[in-house]
Amino acid sequence: ADKRTTIMNTRAQTLNTHALKRSEKHVFLKSSNSNSNGRRRRSSRGAALAAASNKNYKLTLLPGDGIGPEIMKVAVDVLNEVGRKHEITFTYEENLVGGAAIDAFGTPLPEDTLECCKQSDAVLLAAIGGYKWDTLEANMRPERGLLGLRAGMEVFANLRPAVVLPQLADASSLKKDIVSGTDIMVVRELTGGIYFGEPKGFGTNAKGERIGFNTMVYSESEVDRIAKVAFEIAQKRGGRLCSVEKSNVLEVSQLWKERVIKQHENYKDVELSHMYIDNCAMQVIRDPKQFDTIVTGNIFGDIISDAASMLTGSIGMLPSAAVGSSGPGLYEPVHGSAPDIAGQDKANPLAQVLSAAMLLRYQFGEEAAAKSIEEAVNATLDQGFRTGDIMQEGMKLVGCTQMQEALMKNLSK
């Protein structure tokens, strides 16, 4: 299919958005064309700005599986509206990944999809996976597409915010006075450590017993680059960074701590502290507000980011990002594809929308635009709108479409 990217004027954007709501309530990819490599191109339904604007960002969209197309549509409409307000132009190219790509092309990550992602300014992913593909061989499952994306795009830093919104503090499993005001960013090293270290495998010990083994290893350069990302993020936040490791026991953590301290010489405006992983796991639950930004290795980050996510009351509210030293980052909600509610207008689109806000802030430095989105989300929650996963007594239960409509009204103010 020939590439077709059309920049329309604002009035046409509004008319097309309303027409889409009437005729294609849940269909996001209906009018797209595909080629044999998995690429789908679509015309932009908005992002139309004055010709004088020179902020034009090319985004690759990966709706993926399950509720992915539904929530991606909301995020694109939000980006178009915030672009109109802040004189930013977006052009989009849709591609298949995960189960959708398996069904169409027999692979979870078509080569053309990866190449398009690498050539874009940023990548917005919705969700991957579903029961349909659970019986496939491990190397052919949808999740392999995500691993391939991370490797191919050379992203090594996973950014996982855990923000307790005041409207949802009562939904947390912890007491409201403990979690209220929590705003943590976990920066997790994504491509090294014990998950990837060599040697690993199975063997036999001196007693003839079968053993399994893995290697936790980090090089100086791997620690330096993740520390650099974390310090720069801390500069944009509260100016405090906590490095989490186990240097009282592990040599690999001793090297980690040494290199983080060395990198701190370049970021004297950031307050650096250190904490052992076991203590950090306890402190995140005991007093989460003490943390601003946390940087840690792969397995420790896996644990801490999941623990922190449960402070918020719903995984359906959490965005994330994976970034590298340069090039496009990968932005996606933490939640899965929820195939059990796909196509039923029950999905919560807010994590996808907040992922778009992260994209604006951390990829392009568009702080004002990112804040506009976050303020619209807060206003929508203040008005009592709730999808099923965050429903509370006395609030208004809505589906994905109504949540989008409320969000767009607040964003356009």
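Glu 366 is buried, since its relative accessible area is 10%; here buried denotes under 20% relative accessible area, exposed over 50%, and partly exposed the range in between, with a 1.4 Å probe and protein chains only. The structure is a predicted model, in which local features need pLDDT of at least 70 and side-chain atom pairs count only at pLDDT 80 or more, whereas totals for chains, interfaces and linings use all residues. Residues are numbered from 1 along each chain as its sequence is written, and side-chain values use heavy atoms, with hydrogens and water left out.

The side chain of Glu 366 meets that of Lys 55 in a salt bridge, at 3.4 Å from N to O; the term requires a side-chain nitrogen of Lys or Arg within 4 Å of a carboxyl oxygen of Asp or Glu. This pair links distant parts of the chain, 311 residues apart: Lys 55 belongs to the loop between strand S2 (39–41) and S3, and Glu 366 to the loop between H11 and helix H12 (367–382). Helices (H or I, at least four residues) and strands (E, at least two) are DSSP runs, numbered from the N terminus.

## Other salt bridges

Across the whole structure, the search finds 16 salt bridges. One of them joins Lys 73 to Asp 77, with 3.0 Å between the closest N and O atoms. Both residues lie in helix H2 (residues 68–86), four residues apart, which is about one turn of the helix. Lys 73 is buried at 4% relative accessible area, and Asp 77 is buried at 3%.

A further salt bridge connects Asp 224 and Arg 259, again with closest N and O atoms 3.0 Å apart. This pair links helix H7, which holds Asp 224, to helix H8, which holds Arg 259, across 35 residues of the chain. Asp 224 is buried, with a relative accessible area of 16%, and Arg 259 counts as buried at 15%.

## Aromatic pairs

Five aromatic pairs are found in the whole structure. Rings of Phe, Tyr and Trp (its six-membered ring) pair if their centres lie within 6.5 Å; planes under 30 degrees apart count as stacked, over 60 as edge-to-face, and the rest as tilted. The pair of Tyr 57 and Phe 364 is stacked because the ring centres are 3.8 Å apart and the planes stand at 0 degrees. Tyr 57 is in strand S3 (residues 56–64) and Phe 364 in helix H11 (residues 350–364), so that distant parts of the chain, 307 residues apart, are linked. Tyr 57 is buried at 13% relative accessibility, and Phe 364 is buried at 17%.

Tyr 218 and Trp 256 form an edge-to-face pair, with 5.3 Å from centre to centre and 65 degrees between the planes. Tyr 218 lies in the loop between strand S9 (210–213) and helix H7 (220–236), and Trp 256 in helix H8 (residues 251–264), so the pair ties together parts 38 residues apart in sequence. Tyr 218 is buried at 5% relative accessibility, and Trp 256 is buried at 2%. One aromatic cluster is formed by Tyr 57, Phe 90, Tyr 92 and Phe 364.

## Cysteines

The count of disulfides is zero, a disulfide being a pair of cysteine sulfur atoms within 2.5 Å. The closest cysteine sulfur to that of Cys 116 is in Cys 117, at 6.0 Å, too far for a bond. Cys 116 is buried, with a relative accessible area of 2%. Cys 242 is likewise in no disulfide, the nearest cysteine sulfur being that of Cys 280, 5.7 Å away. Cys 242 is buried at 5% relative accessible area.

## Backbone features

Glu 198 and Pro 199 are joined by a cis peptide bond with omega of about 5 degrees. Pro 199 is placed in the loop between strand S7 (183–189) and strand S8 (201–204).

Ala 338, a residue other than glycine, has a positive phi, near 40 degrees. This residue sits in the loop between strand S14 (330–333) and H11 and is partly exposed at 23% relative accessibility. Asp 345 also has a positive phi, near 60 degrees, and is found in the loop between S14 and H11. At 16% relative accessibility, Asp 345 is buried.
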